[in-house]
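Please read it with the coordinates open.

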Amino acid sequence: MATPLSLEQLPQRTHATVADIAWDQLAAPEARRLRELGFDEGVGVEVLHRARLGGGPIACRIGRMTVALRRRVAATVHVAVVQPAE
């Protein structure tokens with residue numbers, strides 16, 4: 001399996017699954033929000049759009065929802081790229 005990257009590093013329109021979340025690097029409200037949005041190990045995720053300015057939010061799809069995450073929060077979500085079936 002490839003080394004997991006952070007959601008912040010995931011190329012746009014690349015399907016991945018959440019491998020791990022660094023909960024200890026998040027403030028309690030941020031961790032609660034991620035859990036409420038459904039972020040957990042094994043969940044499918046995809047980066048849809050990045051703000052043009054380098055520090056802006058990242059729009060991603062989790063399940064059928066589109067959510068915006070601060071880049072600092074997205075950096076704590078480690079993902080593994082899903083390889084297309086041959």
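This is a predicted model: local features need pLDDT of at least 70, side-chain atom pairs count only at pLDDT 80 or more; totals for chains, interfaces and linings use all residues.

1. Sheet order. The sheet is open and has six strands. Read across, the order is β1-β6-β2-β3-β4-β5, with antiparallel pairing. The edges are β1 (5–6) and β5 (65–69). Each has a single partner strand, so one side of each lacks a neighbour in the sheet.

2. The β3–β4 pair. Strand β3 covers residues 44–50 and strand β4 covers residues 58–62. They run antiparallel and are joined by five bridges.

3. Which strands does helix α1 touch? Helix α1, residues 28–37, packs on the sheet and contacts β2 (15–21), β4, β5 and β6 (77–81). The direction of helix α1 makes about 165° with that of β5.

4. Salt bridges, overall. How many salt bridges does a search of the whole structure find? The search gives three.

5. E46 with R13. These two form a salt bridge, with the closest N and O atoms 4.0 Å apart. The cut-off is 4 Å, so judge this pair with that limit in view. E46 lies in strand β3, while R13 lies in the loop between β1 and β2. The pair therefore ties together parts 33 residues apart in sequence. Buried or exposed? E46 is buried, at 7% relative accessible area. R13 counts as exposed, at 52% relative accessibility.

6. E46 with R61. E46 also forms a salt bridge with R61, where the closest N and O atoms are 3.2 Å apart. Here the link runs from strand β3 to strand β4, so it ties together parts that are 15 residues apart in sequence. R61 is partly exposed, with 31% relative accessibility. Taken with the previous point, R13, E46 and R61 are linked in a network of salt bridges.

7. R72 with E30. The side chains of R72 and E30 meet in a salt bridge at 2.1 Å, N to O. Please inspect this contact by eye. R72 lies in helix α2 (residues 71–74) and E30 in helix α1, so the pair ties together parts 42 residues apart in sequence. R72 is partly exposed, with a relative accessible area of 47%. E30 counts as buried at 15%.

8. Rings. What is the count of aromatic pairs? The count is zero. A ring does take part in a charge contact: the charged end of R35 sits over the ring of W23, 3.9 Å from its centre.

9. Where does V82 lie? V82 is in the segment after β6. V82 is partly exposed, at 40% relative accessible area. The C-alpha atoms of V82 and H15 are 5.6 Å apart, although the two residues are 67 residues apart along the chain. Leaving out residues up to four places away in sequence, V82 touches H15, A16 and T17.

Key
Residues are numbered from 1 along each chain as its sequence is written. Side-chain values use heavy atoms; hydrogens and water are left out. Two strands pair if DSSP finds at least two bridges between them. Helices (H or I, at least four residues) and strands (E, at least two) are DSSP runs, numbered from the N terminus. Contact means heavy atoms within 4.5 Å. Axes are lines fitted to C-alpha atoms, for helices over the stretch in contact, and angles run from 0 to 180 degrees between N-to-C directions. Rings of Phe, Tyr and Trp (its six-membered ring) pair if their centres lie within 6.5 Å; planes under 30 degrees apart count as stacked, over 60 as edge-to-face and the rest as tilted. A charge sits over a ring if NZ of Lys or CZ of Arg is within 6 Å of the ring centre and within 35 degrees of the ring normal. Buried means under 20% relative accessible area, exposed over 50%, partly exposed in between (1.4 Å probe, protein chains only).
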